[in-house]
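My notes follow in the order I took them.

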Amino acid sequence: MDRNWSGDWRTYDGKQDQICIGKNIREIRISKGMGQTELVRKIQLRGITMTRETLVKIERGVQHIYATQLKAIKELLDTSFDELLKCMAWEELRWSSKPFN
C-alpha cells in the first residue's frame with residue numbers, strides 16, 4: 001500500500017506516481033538493452049535537454065520529468081504512456097478504495 005495514502009482522495013499527495021514513472025523508465029530501458037548514456041544521447045539528438053545525471057534523478061524519483069522528455073523516452077523505448085505511467089500502488093488504491101467516503 002502507498003505510504004502517502006491517508007485513505008482520503010482529497011489529501012492524497014500523489015508522490016508515489018512520480019516515483020513509478022522513474023522506476024518504469026528504468027525497467028523498460030533495461031529490458032530494451034539500452035544504457036542511460038545511450039538513451040540520453042538519443043534524447044539530445046532530438047534537441048531535448050537532458051544529461052545522464054538528470055536521467056539518474058528521474059529514474060530514482062527525485063526529479064520531475066518534462067513532458068517533452070517523457071514523450072521522447074516513450075518514442076525511443078518504443079513503449080506507451082500507459083506503461084510509463086502505470087503504478088501498482090495506484091492500481092491497488094483505485095480498486096480497493098472508495099473516493100470521498
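**Core**

I started with the largest nonpolar core of this predicted model. It has 17 residues. Ile25, Leu39, Ile43, Met50, Leu55 and Ile73 touch the most other members. Helix 1 (15-31), helix 2 (36-45), helix 3 (52-60) and helix 4 (67-76) each supply at least two residues. Helix 4 gives the largest share, 4 residues.

**Glutamine 36**

Next I went to glutamine 36, which lies in helix 2. Is glutamine 36 buried or exposed? Its relative accessible area is 14%, under the 20% cut-off, so I logged glutamine 36 as buried.

I listed its contacts, leaving aside neighbours within four places in sequence. Glutamine 36 is in contact with Arg26, Arg29, Arg52, Leu55, Val56 and Glu59. One of these, arginine 52, also makes a polar contact: its side chain meets the side chain of glutamine 36 at 2.9 Å. Glutamine 36 and glutamate 53 are 9.3 Å apart in space and 17 residues apart in sequence.

**Helix 3**

I asked which residues of helix 3 are buried. They are Thr54, Leu55, Ile58 and Glu59. Around the axis they cover an arc of only 130°, so they sit on the same side of helix 3. After helix 3 comes glycine 61, with a positive phi near 80°.

**Helix 4**

I repeated the check on helix 4. Gln69, Leu70, Ala72, Ile73 and Leu76 are buried there. Seen down the axis, these buried residues fall within an arc of 165°, so they line one face of helix 4. Ala67 and Thr68 are on the other side of helix 4, and they are exposed.

**After helix 4**

Aspartate 78 follows helix 4. I placed aspartate 78 in the loop between helix 4 and helix 5 (81-85). Its phi is near 50°, a positive value in a residue other than glycine. Aspartate 78 has 63% relative accessibility, which is over the 50% cut-off, so it counts as exposed.

Threonine 79 is in the loop between helix 4 and helix 5 as well. Is threonine 79 buried or exposed? At 17% relative accessibility, threonine 79 counts as buried. I noted what threonine 79 touches, not counting residues up to four places away in sequence: Ile28, Lys74 and Leu84.

**Disulfide**

Last, I looked for disulfides. How many does the model hold? I counted 1 disulfide. Cysteine 20 and cysteine 87 form it, with their sulfur atoms 1.9 Å apart. Cysteine 20 lies in helix 1, and cysteine 87 lies in the loop between helix 5 and helix 6 (88-96), so the pair ties together parts that are 67 residues apart in sequence. I checked burial at both ends. Cysteine 20 is buried, and cysteine 87 is buried too.

Note on methods
Residues are numbered from 1 along each chain as its sequence is written. This is a predicted model: local features need pLDDT of at least 70, side-chain atom pairs count only at pLDDT 80 or more; totals for chains, interfaces and linings use all residues. Side-chain values use heavy atoms; hydrogens and water are left out. A nonpolar core is a set of buried Ala, Val, Leu, Ile, Met, Phe, Trp, Tyr and Cys residues joined through side-chain atoms within 4.5 Å. Buried means under 20% relative accessible area, exposed over 50%, partly exposed in between (1.4 Å probe, protein chains only). Contact means heavy atoms within 4.5 Å. A polar contact is a pair of N or O atoms within 3.5 Å; within protein, one must be able to donate a hydrogen and the other to accept it, and residues adjacent in sequence count only if both atoms are side-chain atoms. The arc is that of the directions from the helix axis to the C-beta atoms. A disulfide is a pair of cysteine sulfur atoms within 2.5 Å.
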